[in-house]
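Subject: Structure handover and findings

Hello,

Here is the structure I promised to pass on. My notes follow below it.

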Amino acid sequence: MAQDLMGQFYTCLNLPLQERLIELTRIIDTGPTKDLQILFPQLVNNIFASTFNNGFGLRTITFDGDRCAFEILMKFLEPLGPMFRLCYKLLSDSLLKYNLPLSVLPLDLQMTLDRGRCPQFYGDMLTLDPQSLTMGALALNPFDYYIFNFALHLVSNSQNKSSWENWNSVYFALACDYLTHFLPSDPNVLVLPHIPYYNGKVPMVTPLQTSSRPLYSPSLLLIPDISGMTNQHNQHTTQSQSRNEVWRSETVLQVFIDIWMCVEQCNTSNVDMYQKKYTTVFSSPERVRTVRVLVKHIHSYSAKHFTDLTSRSSALRKYARQIMCVRGYHYVQHLVTTWPLDASFRLVMELWLSLIQPWRYTDNNINQDRYVTSNNNQEEGNSNTLDASFTQYIAENFPSYTCIFQSVLPRFLRLDLTAYKNAIMLFRLGKVFSQQHLVPILWNLEQAITDTSSGLHQTPDTSFNNSAMEQSYTYNGVPLHKWVAVAKQALSEFNLSANYEYDPIWTDNKKQYAIEFVQRISASKVISEKNFDEICKRMGQQNRGVWRSIKHWFLLDNQCEDDILLEETRRVPTYLTASIHHFSNIFGLSENIVLPPELITEEALDHSSFANSSHFSSHITNKLRSKATEVHYMGDPDLMPIASYENTILVRMLFQISSRINEMFREELMTLWNRNNFWGFVAREMLQRPCTIHMYMKDATNHQNVVSQDLPARLSLRRLGSHSFVFWISLGYIFMRLFSYSGFTYVLFVILFWALYVCTKVCLKMLRIIH
């Protein structure tokens, strides 16, 4: 029977996806538990294998791309689906464990576990390697084993690179569903199904915390353990029972944070022993977006810890925000310093802004991200605002506000702020930090931290405009003195360097920095207004005359793109004007300090004292923008972005055909190109000439290097994918049909006409009549 079941299992893995899932569901529901114990790890490995190894393709299948496959995968892997039924079925044996090698975990987590500075969550999982007597693997129950593999799938280098179009992948949808199901925001909602028969988890030691995350204030010492119990007489029994009710939530929480928010430390000298068997992992846009959903949901999940103090998940809810904030700070700081210098940085910035605004997500609905239908970076409509209850959070996460803010600002000095997407990023940053009370709280905490002698105070005469920051500022009547020690502890804890020294933002030394930053925005605003006027003038000239009507009739115009460009260019000055106002308030600048835009010159800005600005002067960007003809595409011509005058489907189909021909006849085409007879001239007329292309490739240290590649003579059919070609071919066919000629005759006529044209041109070149 066991052999028969194994044969059925391996046979179904080679079936088409839909048939495979139907057969797997039947095996899960009818197979004996003993046999399923053996099949389980192989099934998990198959689910998360790459598509080249017959995997399920969780990160490549999308709702829009293949709706049928998307739905059947969701049904099989949903929290109450067949896969989890198998996990719960195997939990009947509390001693059943599956080993997960530490070598497959992110490097940062490997180092943490090996050094023993790990959360209590891993205490009963670690196993020793009998030969080296070191930590070798994690012994996991079936549920934990699946969740670990699910989380690792997102950071695995063996998977295909995710496309920017794969926003609604199966993996992302499952991640949202798992968060909603296993970490319910409502404390009264239980995680289903109820499994009282499982008692394989070791009770937690009170209080619940990580060894590297000391508790901030005495009030946190009153947090009950994960059980929420108060009866000391029956402590061990109560802890066992209560942890067995929330351990699935604990697993999803701890694993998702530890793996998705891991930071690779591959440049440090003390990780050589780990690098031998480890490949560096880089963050993808898909991962950043998934982490942002995790952050928003944990804010909502943690916000409910005070609503029912008797709830067994109360301590876990408070613990969730603790570990997320430390991990989130290091992860975002790492992204800020390594992310490419382009508009995609908005993904990182929105993640950071979600991390530091818990008040926006107290009632977060994850379905807004799960069933997104518009731009994923649009600002949420939540109207919750900052109030006194979040003062402690700001103090506990002081570096996440100030340190990252200082890391982000220099990026905007290297960007063209007249570009629409960059202007939006700047506007979003200014709008968030201009929220009422946020900067005053940060300003007072910074003053107290940097002036230890006098504590929390303000000097009445400063070069900043502090009218909005009242003397002896108190937040809703509560003085901020009590949170200064908390903010100091956060600075020392978040920044693990022993010689770290905080660099304050609101000081006289940074006044010129702030002024020049706002002046740079003002100068960009002036340029953007000129750009808008030029575009309006150019489009007005193009819209006149007969040629415009001809282009429109033959589908050669790009009116839609022009309208979008005009609308975006019109909005840029508005965003920059608002940014000037926001950053003037953030830095406490009065209106008469900021110079009028007319007095700002590019030469003055090129020699400003901004950090790192001398390495990328603004005139370089302006030259690139004003002399577009000097900018050349350096990549493969056949892989250029599809233009508005081209048919997307036709271009992609022709590329596949030409690629296959070039692959099959590569040597023959090169030989023909080099011949000096008639056929050589024909080949040089029909084929693309050999060329050298340049690509940007990331090395092991995440630095981009220019790599050159020589392309041989090759066939390119891309010119046949234009709308104009399709139009004229169709028009010719209609014309031939009017004279009762068949389609075959028309095709033959086109081929003969083209051959005659090529031969004539070749003969003229051979006779030196034309070049």
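Start with the surface. Y733, I734, F735, L738, F739 and Y741 make a nonpolar patch there, of about 680 Å². One of these residues, F735, belongs to helix α28, which covers residues 723-738. Please keep in mind that this is a predicted model.

Next, the aromatic rings. The structure has 43 aromatic pairs. One of them joins F427 and Y575. F427 and Y575 are both buried.

Two rings also carry a charge over the face. K510 lies over Y513, at 5.9 Å from the ring centre. R684 places its charged end over the ring of F681, 4.8 Å from the centre.

On to the cysteines. How many disulfides does a search of the whole structure find? The count is zero. As a reminder, a disulfide is a covalent bond between the sulfur atoms of two cysteines. C12 has a relative accessible area of 1%, so C12 is buried. C262 is buried too, with a relative accessible area of 2%.

Another cysteine, C87, is in helix α5 and is also buried. Why is helix α5 described as largely enclosed by the rest of the structure? The helix spans residues 82-90, and seven of its nine residues are buried. Those seven are P82, M83, F84, L86, C87, Y88 and L90.

Last, A523. This residue is found in helix α20 (residues 511-542). Is A523 buried or exposed? Its relative accessible area is 13%, and the cut-off for buried is under 20%, so A523 is buried.

Best wishes

How values were computed
Residues numbered from 1 in each chain as written. Predicted model: local features only at pLDDT ≥ 70, side-chain atom pairs only at ≥ 80, totals over all residues. Heavy atoms only, no water. Patch = residues over 30% accessible without salt bridge, like charges linked within 9 Å, V, L, I, M, F, W, Y side chains within 5 Å. Areas by Shrake-Rupley, 256 points an atom, 1.4 Å probe, with all protein chains shown as cover. Salt bridge = Lys/Arg side-chain N within 4 Å of Asp/Glu carboxyl O. Helix = DSSP H or I, 4+ residues; strand = E, 2+ residues; numbered from the N terminus. Phe/Tyr/Trp six-rings, centres within 6.5 Å; stacked < 30°, edge-to-face > 60°. Buried < 20%, exposed > 50% of the residue type's maximum accessible area, 1.4 Å probe, protein only. Lys NZ or Arg CZ within 6 Å of the ring centre and 35° of its normal. Disulfide = S-S within 2.5 Å.
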